[in-house]
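Let's take a friendly walk through a protein model, one topic at a time. Have the picture open while you read.

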Protein chains: 2
Amino acid sequence: MALNSYEKLVERMREISLVDAAAGLLSWDQETYMPPAAIEFRAAQLAYFKGRTHRLFTASEVGDWIKAGEDAAFAPLTKEAVNVREWRRAYDRATKLSPELVEEFERSTSMAWDAWVRARQMSDFATFKPHLSKLLELSRQMADSWGYTDLPYDALLEGYEPGARTRDLQQVFTQLKPSTVRLVGRIGASGGFSAKSKLPGPFPIAAQQTFNREVAERIGFDLNAGRIDVAAHPFCTGLGPSDCRLTTRYDENDFTDSLYSVLHECGHGLYDQGLGKEDFGTPMGSAVSLGIHESQSRLWENHVGRSREFWEYWLPIARKHFPSLATTSAEQIYQHVNQVRPSFIRVEADEVTYDLHIILRFELEQKLLHRELAVEDLPAAWKTLFKELFGLELPDDKQGCLQDIHWSHGSFGYFPTYTLGNLNASQMFKTAERANPNLKADLQRGEYQSLLKWLRQNVHQHGHRYLPPDLMKHATGEPTDGKYHAAYLQQKFGAGA
Amino acid sequence: MALNSYEKLVERMREISLVDAAAGLLSWDQETYMPPAAIEFRAAQLAYFKGRTHRLFTASEVGDWIKAGEDAAFAPLTKEAVNVREWRRAYDRATKLSPELVEEFERSTSMAWDAWVRARQMSDFATFKPHLSKLLELSRQMADSWGYTDLPYDALLEGYEPGARTRDLQQVFTQLKPSTVRLVGRIGASGGFSAKSKLPGPFPIAAQQTFNREVAERIGFDLNAGRIDVAAHPFCTGLGPSDCRLTTRYDENDFTDSLYSVLHECGHGLYDQGLGKEDFGTPMGSAVSLGIHESQSRLWENHVGRSREFWEYWLPIARKHFPSLATTSAEQIYQHVNQVRPSFIRVEADEVTYDLHIILRFELEQKLLHRELAVEDLPAAWKTLFKELFGLELPDDKQGCLQDIHWSHGSFGYFPTYTLGNLNASQMFKTAERANPNLKADLQRGEYQSLLKWLRQNVHQHGHRYLPPDLMKHATGEPTDGKYHAAYLQQKFGAGA
């Protein structure tokens, strides 16, 4: 029996997913177990697989099948309609760029990354500057090729957060900024959450691993279809419909470091494990955006993991693994894991100051892309805005505009998805609480099924069915709005400030 | 610049090696870290990659390029000549079978393996019998398709041991059999090496891991380009030119179990790491045969690792890792790791009785293939021959003809390569000793470079340059001859017997 166009698409995407998932394993292995000397061959393998899936996806017959799929006019929001819609979006993004532009971008990011590593080491912006200029220029060309109705930044943002628009984000972020700056100031002045603390160790790594696994399984992560390993930079990766792998890193002086990495990555992993297995490799079986993905990780890390309820339940269990916690109270751990303090490095930032780091990058990368800020003026602009938001003098560019890898990859429009994640998490958690008034009591009993069930039903199971703004509307009644996050932070940190 | 045919071949083989090595990682991961629920998707990935490399290799243009490579008449034994010769051999083996036969074989082995698992569990030969008949019939057809001048078994053997011939092996094995049977009998009667012993533990797994790594590095295994992990069945796999991975398993009651698995797999690994990295993915950069590969593993496991010299050097170090060995002598460990005792299961057999297990299988599988033994008579024939070789009554087929996986994979002609490995190891070690009269003294000092250097020069670096019989001639002066192994066993075990 001959396959129709839609079936051919599914078959092709299945093939691509087999190769993609193997490339995923190659990458996972590279970060976890690969012997150091194997790096060169591994890079060649990854480049080969990337090229292969690109060719499989951008082949002209795929365009024909998508067109036929569109002509079939599947009923809106059915699995078939969603898949065809998203394949169209991805196909156009992949094929609207000329091969020359794609190649030049690949070459340029590879050189830019190399220069960035050196520049950061030496804290020397001049070394990175020409590469940043080049990547911005190529990104403008890519934005033009993809097209946009309002701002070039929209075309880039679309790659990470389909359906999101720059102007909407500007509005949301503009509201969030002053209230957050005020809150950070008040916390610092009060000395409450800003007090430094240290937990009484030791925290042997083996005991941390056992405790982390217990927490992960309890909140619902299926270790029969997943793993937790060690890597320098924690991440979560899906290597198949029943193979989701998290990583964390261990600090023998503080077990909460690895725990919060695990909770964060578990949030990603629960989303991954909540997608339809039978739709693996198709849009209906994939996470819809970075901003929604990050909402899941931040929800479990912060709203669940950094709550008083969490420690009321887990402290007695933690004491079994770490007897040195015998005289530490739940309130002491709660304070310890909720220290708020302005700092230079984004990835080390606390829950409150984190979004200020993102707002800074979001503002500056728009200006760079739209030629409102010259590349050579970036370090000074960063310094000024950093002072305004954090009240600190930046000592060098290494701790300023050279700290993040993203721009060296040519990823402009990626940063705002982190804050979108925070905002979405607060909005979802509030809605889940409204739907289940016993939610906090459940968390206090170490009972996470009610929350997970709400997320499964309202977020995970939909895959790409709704674009992020619509998904938020379906799940919470309105698109992303910063007021929920501002209220959450105010309620949690405002009282003690 | 256009590539010539030879360059096109190298390029294609490079592509195949990238995919093959990724499949290797998928398999390694399946045995070591993969979550249980991921098995189904993993099987689909492996099947896809296998099909893909098969298509890449058997494409008609590859045949044209090989023909052109032959016409180029490279000087014999140059890298190019060797590669073309071996690509021809592999291409003919892959393309001489009809696609229908290949498909039927794949389908049949898959069902046979499934039946074998159940048959072994229940110790019920009848469950496996029709599958074994089918695989033998297909193997006869494959042998006919590949062709042979003397016996059908030759055509199958060729797949594991290129250049080896059944009649030659028969002659070698026939000499080995009576002397080994006599030796086993004498050892049993004398009570020397057959005495049971137990080492004083405990042997914590973490300490075993540290000790094993120290041994592996000391004998020359490069852990910067390799790893040692845990798996139910120890193996060694090469995942790239600088990525060789071993596995072992741990018994807390006896540290020598994991140690000898590591030494065995390290022997394979040292061969792998001694191949030309720049030739990876081509015959010149690959191991020449199973019998040569096994010679390396057995040489390090037995000739090095089960020697008195080994324990004279390593016991003081082992005591640092396992304080419970304080009063154990090197001679006691030597006796402990050299216990000889007839047993039913091949993979648990000692150095002396091991070859009897192989000789049994070699004789029976020839008869099965050549229709000199009916499949239904296999259990009885096994029982009879086992009694003759081991002097023991077989209690059931689970411990007899159903114990090994090989026939369920349709692998006939594989078993003799194990004993070839033992014979080659003894012959090589003897030659290396002749070349370096201080060899045993070196081993006593924990100095392994002289031995490794000899193996690198005489075996590893050649890749596929010489077929196994010629490689043995170049390395030791003559093709495989059982007298060296018989003499080695007699010298080691005969005195105490």
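Into which domains is chain A divided? There are two of them: domain 1 covers 1–95, and domain 2 covers 163–497. Keep in mind that this is a predicted model.

**How the two domains of chain A meet**

- Taken over C-alpha atoms, the centres of domain 1 of chain A and domain 2 of chain A are 29 Å apart.
- The two domains do touch: domain 1 of chain A puts 17 residues into the contact, and domain 2 of chain A puts in 15 residues.
- On the domain 1 side, helix H1 (5–32) and helix H4 (79–95) of chain A each supply at least two residues.
- The biggest giver on that side is H1(A), with eleven residues.
- If you sort the residues on the domain 1 side by class, you get nine nonpolar, four polar and four charged.

**How chain A meets chain B**

- How many residues of chain A are in contact with chain B? The answer is 25 residues of chain A, and they meet 25 residues of chain B.
- H1, helix H2 (39–58) and strand S1 (226–230) of chain A each bring at least two residues to the side that touches chain B.
- H1(A) gives the most here, with six residues, and remember that H1(A) also gives the most to the side of domain 1 of chain A that touches domain 2 of chain A.
- By class, the side of chain A that touches chain B holds 16 nonpolar, five polar and four charged residues.

**The symmetry of the pair**

- A bit of background: two copies of a chain are related by a rotation about an axis and a shift along it.

- Strands of a sheet pair through backbone hydrogen bonds, either parallel or antiparallel.
- In chain A, three strands make an open sheet in the order S1-S3-S2, and the pairing is mixed.
- S1 and strand S2 (236–238) of chain A are the edge strands, each pairing on one side only.
- On average, neighbouring strands of this sheet are turned by 20 degrees against each other, direction ignored.
- S1(A) and strand S3 (residues 244–248) of chain A run parallel and are joined by five bridges.

- Chain B has an open sheet of three strands in the order S1-S3-S2, with mixed pairing.
- Its edge strands are strand S1 (226–230) and strand S2 (236–238) of chain B.
- In which sense do S2(B) and strand S3 (residues 244–248) of chain B pair, parallel or antiparallel? They pair in the antiparallel sense, over three bridges.
- B:Gly238 stands opposite B:Cys244 in S3(B).
- Helix H10 (residues 255–274) of chain B packs on this sheet and touches S1, S2 and S3 of chain B; the direction of H10 makes about 165 degrees with that of S3(B).

- Most residues other than glycine have a negative phi, and most peptide bonds are trans.
- The peptide bond from A:Gly201 to A:Pro202 is cis, with omega near 5 degrees, and A:Pro202 lies in the loop between helix H8 (166–190) and helix H9 (205–219) of chain A.
- In chain B, the bond from B:Gly201 to B:Pro202 is cis as well, with omega near 5 degrees.
- A:Leu77 is not a glycine, but its phi is positive, at about 70 degrees.
- You'll find A:Leu77 in the loop between helix H3 (60–71) and H4 of chain A.
- Why does A:Leu77 count as exposed? Because A:Leu77 has 12 C-beta neighbours inside 10 Å, and a residue is exposed if that number is 12 or fewer.
- A:Arg371 also has a positive phi, near 60 degrees, and sits in the loop between helix H14 (354–369) and helix H15 (378–390) of chain A.
- A:Arg371 has 11 C-beta neighbours inside 10 Å, so A:Arg371 counts as exposed.

Conventions
Residues are numbered from 1 along each chain as its sequence is written. Chains are lettered from A and ligands numbered from 1 in the order in which they are written. This is a predicted model: local features need pLDDT of at least 70, side-chain atom pairs count only at pLDDT 80 or more; totals for chains, interfaces and linings use all residues. Domain bounds come from an automatic or database domain assignment. Two residues are in contact if their C-beta atoms, placed from the backbone, lie within 7 Å. Helices (H or I, at least four residues) and strands (E, at least two) are DSSP runs, numbered from the N terminus. Ala, Val, Leu, Ile, Met, Phe, Trp, Tyr, Cys and Pro count as nonpolar, Asp, Glu, Lys and Arg as charged, and the others, Gly among them, as polar. Two strands pair if DSSP finds at least two bridges between them. Axes are lines fitted to C-alpha atoms, for helices over the stretch in contact, and angles run from 0 to 180 degrees between N-to-C directions. A residue is buried if 20 or more other C-beta atoms lie within 10 Å of its own, exposed if 12 or fewer, and partly exposed in between; C-beta atoms are placed from the backbone.
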